[in-house]
Amino acid sequence: MAIFGYGDIVLYSGRGCQSLSSEISSRLMVPLGGCDVIKFANENIFVRLHSSVRGQDAFIVQTTSSPVNDNLMELLIFIDTLKRASAGRVTAVIPYLAYARSDKKDQPRVPITARLVADMIQVAGADRYITLDLHAGQIQGFFSIPGDTLTAFPLLADYMREKNLDEAVVVAADLGFAKKARNFAMELSLPVAFIEKRRTGEFSSALTVIGDVKDKDAIIVDDEVNTGGTLVNAVQLLYDYGARNVYCCFVHPVLSGNAAERLGQLPITEIVTTNSIEIPHEKFKLLPKITILSVAPLLSGVINRVHEGRSVGEMFKPYHGYS
Ligand code: R5P
């Protein structure tokens, strides 16, 4: 049924997140649109839709995980294709936004690539975007189109609450994550502690723990795990400070290089993450203690509300009560 003049929902998936898109499609009861996505011998990507989207409310789901630049380019080409096929509105659904860590000029002569990516998404023709746990909230300001920046932390919090850990503490993986860790702790009615981390390029070291973790179950929280260096250092430091068990909760399992192997060898109780990025089978089998929570209910709920012009904010009121 057409609502607000944008036609019906049409849903497409990039190749970066096909299982997540299929789950979203089942929940919305909207089949994934047929299309050809071809990478030619010269590495140029080509997209062709199998049916008309004229006047429709189009959603393209594509995560920008590895291969990052191919997936990003594919997203842009999909948006352009939908726009040129006269979709009524195009929404880019990006469960994980790459380059989000390049969000400021913190040294001379460096780019702000997150801004560039936001510009490219807009120039390609997106009317709206939906994304999950941006590395920094300020990145929303790089877009001048409306968007919904969602968080999967309530999902992670609900899962951890079920465990009824009696003596637990939430630990921010670094000071940049302090506020979000505090919100997560408040959600679970737990105290919070912070790790002081120093980073030089891709290498980081965990220096001290601020707060009491002795004889407690420590729940480390972070937005993403890339090389795994932050977690490896944090876990070691928490045991040095007397934690009895360690859980790791994060939204985006980037897991570059040998991160899965490193995490698989950590002396921890459980890793809890989401399917904002699909973990390839060869990495997944290295992670026996991992639990993956699906963000499909969240994304499909938001897509429905965006389509129907209903409030998205009211889905999150209890969690968003703190600033
Ligand atoms: C950094 O500010 C982020 O919140 C994560 O802590 C970081 O992306 C993790 O990277 P890695 O796993 O390479 O230490």
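**Entry 1: a salt bridge across the domains**

I began with Arg101 and Glu224, whose side chains meet in a salt bridge at 3.2 Å, N to O. For this term I required a side-chain nitrogen of Lys or Arg within 4 Å of a carboxyl oxygen of Asp or Glu. The model is predicted, so I noted that local features need pLDDT of at least 70 and side-chain atom pairs pLDDT 80 or more, while totals for chains, interfaces and linings use all residues. Residues are numbered from 1 along each chain as its sequence is written, and side-chain values use heavy atoms, with hydrogens and water left out.

I then looked up the domains: domain 1 covers 9-152 + 296-316, and domain 2 covers 153-293. These bounds come from an automatic or database domain assignment. I found a count of one salt bridge between domain 1 and domain 2.

**Entry 2: the interface**

I recorded 12 residue pairs in polar contact between domain 1 and domain 2, both residues being at pLDDT 80 or more. A polar contact is a pair of N or O atoms within 3.5 Å; within protein, one must be able to donate a hydrogen and the other to accept it, and residues adjacent in sequence count only if both atoms are side-chain atoms. Helix α1 (residues 18-28) gives the most to the side of domain 1 that touches domain 2, with four residues. Helices (H or I, at least four residues) and strands (E, at least two) are DSSP runs, numbered from the N terminus.

I also noted that the C-alpha centres of the two domains lie 27 Å apart. In contact, meaning heavy atoms within 4.5 Å, are 17 residues of domain 1 and 17 residues of domain 2. The two domains bury about 1400 Å² between them, 46% of it on carbon and sulfur atoms. Buried area here is the accessible area (1.4 Å probe) that two parts lose on being put together, summed over both. Tyr96, Arg101 and Ala152 supply 43% of the area that domain 1 buries against domain 2, more than any other three residues.

I counted 20 salt bridges in the structure. In one of them, Asp57 meets Arg89 with the closest N and O atoms 2.9 Å apart. This pair links distant parts of the chain, as Asp57 lies in strand β4 (residues 57-61) and Arg89 in strand β5 (residues 89-94), 32 residues apart.

**Entry 3: backbone exceptions**

Ser66 and Pro67 are joined by a cis peptide bond, with omega about -5°. Pro67 lies in the loop between β4 and α2. Asn164 has a positive phi, near 50°, and lies in the loop between α4 (153-161) and β8 (168-172).
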